[in-house]
Amino acid sequence: MDNRTISSEPKVGLKIFYITTMFFITLSGFAQLPIFRRYYLADVPGLGWLDQFYVTHYIHYLSAVALLGIVFYKASEYLLFFRKTHRITASGFARVTFISGLILTGVFMALKNFPGYWFSKNTIIVLDMAHIALTVFYLFAAMLAVFSGKKWIEKL
Amino acid sequence: MGTNISRRQFLKTGAVAAAGLAAAGVPKVHATESEVDRQLATLIDISKCIGCEACVDACKEINEAKFPKPRKPFPKMYPSRVKAEDWSEQKDVRDRLTPYNWLFIQHAAVSIDGNEKEITIPRRCMHCVNPPCVKLCPWGAAVQKKNGISVIDQEICLGGAKCRNVCPWKIPQRQTGSGLYLDILPSLAGNGIMNKCDRCYNLIAEGRMPVCIESCPQDVQTIGHRKEIIRQAHELADSMKGYIYGETENGGTNTIYVSPVPFEELNEAIVKSEGMPSLEPIKDKMSEANNLATAFLIAPVAGFVAAIGKYYRMMKKGSQ
C-alpha cells in the first residue's frame with residue numbers, strides 16, 4: 001500500500017489551468033459592466049474584445065465550465081484521498097464558501113438567460129449584487145492566501 | 001505530503017460523492033413551450049397601415065409622464081470621451097426612436113405588381129421572447145414581465161446603454177441627466193436612463209389595450225397570446241401570399257409583422273440609422289452562450305470522473 005500515496009499539492013499544470021480560468025472568468029465577469037470602453041481598457045491592443053458583450057458573455061460561460069470541472073475534480077479528490085488525513089484550512093474554507101456562492105448564484109443567473117424563465121426584479125438585483133460581492137470577497141481571500149502562504153487543506 | 005487510502009474508503013467516499021452529485025439535481029434548462037406561448041404578442045398587418053401616425057401621437061401622449069425629466073446642467077462626465085445624449089430639447093422628433101418617441105413610422109417605397117407604392121411600418125421595441133436587453137443588463141434595471149413584456153425600470157437604470165449595445169435593433173434610447181446615476185457617481189459611472197416602448201404594461205395590467213393598438217383607425221395591430229398570434233399571422237400571410245418578420249428573429253419576438261412585400265425588399269427600401277432599426281434577418285443572439293450552458297451539467301460529472309479515474313489508477317498501481 002505504500003506506493004498508493006498522493007500529494008495534496010495540485011500539479012503545476014492544474015494550478016496554471018485554475019489561475020488562467022480564474023483570470024478569464026473574473027475579467028469577462030467585470031466586462032459585463034459597460035466600463036471597459038469608457039475607461040480605455042478596451043482600447044488597449046488585443047483587449048478590444050472586452051467591450052464585445054456577447055464575446056465576454058461567451059468567455060464567461062466557457063470559463064465557468066472549466067471552473068466547474070476543476071471544482072468538482074478537487075472536491076472529489078479531497079473526499080477520495082484526503083478527507084481522513086487532512087482538514088480544510090480557514091483560508092480554504094473561506095474560498096470554498098465564496099466559490100460555492102459564486103457557482104450557486106451563477107447557475108441561477110445562467111438559468112435566467114434561457115427563454116421563458118421569469119425572475120423578479122429584486123431577485124435579479126440580489127443575484128447580480130451577490131455575484132459581484134462574492135467575486136470581490138474571493139479575490140480578497142485568494143490574495144491573502146497567496147501572501148500568507150495559506151493552503152486549501154493541511155495535514156491533521 | 002502524502003496519504004494512504006483503502007478500498008473501503010474509496011467505495012465509501014465515492015458513494016457519498018455520487019450521492020451528493022445526484023442530490024444536487026439537474027436544473028431544468030428549458031422552459032416549457034407553453035410559458036413562451038402564453039407571452040403577449042402583437043400582430044402588425046403592414047398592408048393595413050396608412051402611416052397616419054395616430055399611434056405615434058397616442059404613444060407620446062400616454063407616456064408623457066414616463067418620459068425623462070433631466071436635471072440641467074448635466075454633471076461633467078469623465079473621461080472626456082463620455083458624451084451626454086440629450087433629446088430633451090428635441091421632444092418633437094417623431095421620425096426615429098428617441099427617449100421621447102418610443103414608436104415611429106418607417107417608410108419604404110416599393111413596387112407591388114409593377115405599381116410603385118409607399119409602405120408604412122410602425123416600429124418600436126420588438127419585445128423579444130428572450131430579450132438580450134433584459135438578460136444581459138448587469139444591474140437588473142431591465143426586466144421581463146411574466147406576460148413577456150420587457151420594461152426598463154427608470155428608477156434604477158444607470159444609463160450604461162449596454163441594453164442598446166446588445167439589442168439587435170438598437171432600440172433603447174438614452175437621455176442624460178436623469179436617473180439614479182445622479183445620486184451615485186454622476187461624473188464617473190452611468191449616463192442617464194434608457195428608454196423604450198413598455199407596451200403600456202400598466203394599462204395591460206388594468207385590463208386595457210396598449211394605446212398604439214387602441215388608437216389605430218385601421219386596426220393594424222392585434223394583441224393576444226403568442227401561439228394564437230403566430231397562428232393568425234400565418235393565416236394572414238397565406239391569405240395575402242405575404243411574408244412574416246419577427247417570428248424567428250433573435251430566437252423569436254412578440255412583434256410579428258405580416259407584409260405583402262418580402263422583408264428583404266422592405267429592408268432595402270427603409271432608411272436605417274441610429275434610432276431607425278433594420279428589418280434584416282437576426283440570428284438568436286443568446287443561443288450560443290445558452291447552448292454552452294448545457295456544459296454546466298457535464299463539467300461537474302467530468303471532474304468527478306477524472307478524480308475517480310485518478311483513484312482507480314492509484315488502486316491499480318498499489319495492487320501490483
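Predicted model: local features only at pLDDT ≥ 70, side-chain atom pairs only at ≥ 80, totals over all residues.

Visitor: Okay. What pattern does chain A follow along the sequence?
Guide: Chain A reads α-α-β-α-α-β. That is four helices and two strands.

Visitor: And what does the C-alpha trace of chain A span?
Guide: About 55 × 40 × 25 Å along its principal axes.

Visitor: How much of chain A is buried?
Guide: Buried residues are 29% of its 156 residues.

Visitor: What about contacts in chain A between residues at least 6 apart in sequence?
Guide: Of those contacts, 78% join residues at least 24 apart.

Visitor: Let's zoom in on helix 4 of chain A. What should its span be?
Guide: Helix 4 covers residues 121–148, which is 28 residues. At 1.5 Å a residue, it should span 40 Å. Its end C-alpha atoms are 40 Å apart, so the two agree.

Visitor: Which of its residues are buried?
Guide: In helix 4 of chain A, they are Ile124(A), Leu134(A), Thr135(A), Tyr138(A) and Ala141(A).

Visitor: What do those buried residues pack against?
Guide: Helix 1 and helix 3 of chain A, together with strand 4 of chain B.

Visitor: What comes just after helix 4 of chain A?
Guide: Gly149(A), with a positive phi of about 70 degrees.

Visitor: Now helix 2 of chain A and helix 11 of chain B. How do they cross?
Guide: Their axes come within 7 Å and cross at roughly 35 degrees. The crossing of helix 2 of chain A and helix 11 of chain B is right-handed.

Visitor: Which residues meet there?
Guide: From helix 2 of chain A, they include Leu68(A), Phe72(A) and Tyr73(A). From helix 11 of chain B, they include Phe296(B), Phe304(B) and Ile308(B). The residues of this contact divide into 18 nonpolar, three polar and two charged.

Visitor: Switching to chain B. What's the strand order in the open sheet of four strands?
Guide: The order is 8-1-10-9, with mixed pairing. Strand 8 and strand 9 of chain B stand at the edges. Each has a single partner strand, so one side of each is left without a neighbour in the sheet. The twist averages 25 degrees from one strand to the next.

Visitor: Do strand 1 and strand 10 of chain B run parallel or antiparallel?
Guide: Parallel, joined by four bridges. Thr42(B) stands opposite Thr255(B) in strand 10 of chain B.

Visitor: Which strands of chain B does helix 8 lie across?
Guide: Helix 8 of chain B lies across strand 1, strand 8, strand 9 and strand 10, at about 140 degrees to strand 8.

Visitor: How many bridges join strand 2 of chain B to strand 3?
Guide: Nine, and these two strands of chain B run antiparallel. One pair is His107(B) with Thr120(B). Their hairpin has two residues between the strands, and Asp113(B) there takes a positive phi near 50 degrees.

Visitor: Last one, Glu155(B). Where does that lie?
Guide: In the loop between strand 5 and helix 5 of chain B.

Visitor: Buried or exposed?
Guide: Glu155(B) counts as exposed, because it has 10 C-beta neighbours inside 10 Å, and the cut-off for exposed is 12 or fewer. Glu155(B) and Leu180(B) are 25 residues apart in sequence, yet 6.4 Å apart in space, C-alpha to C-alpha.

Definitions and conventions
Residues numbered from 1 in each chain as written. Chains lettered and ligands numbered in written order. Axes fitted to C-alpha atoms, helices over the stretch in contact; angles between N-to-C directions. Left-handed = near helix turned anticlockwise from the far one by under 90°. Contact = placed C-beta atoms within 7 Å. Nonpolar A, V, L, I, M, F, W, Y, C, P; charged D, E, K, R; others polar. Expected span 1.5 Å × (residues − 1). Buried ≥ 20, exposed ≤ 12 C-beta atoms within 10 Å, placed from the backbone. Pairing = 2+ DSSP bridges.
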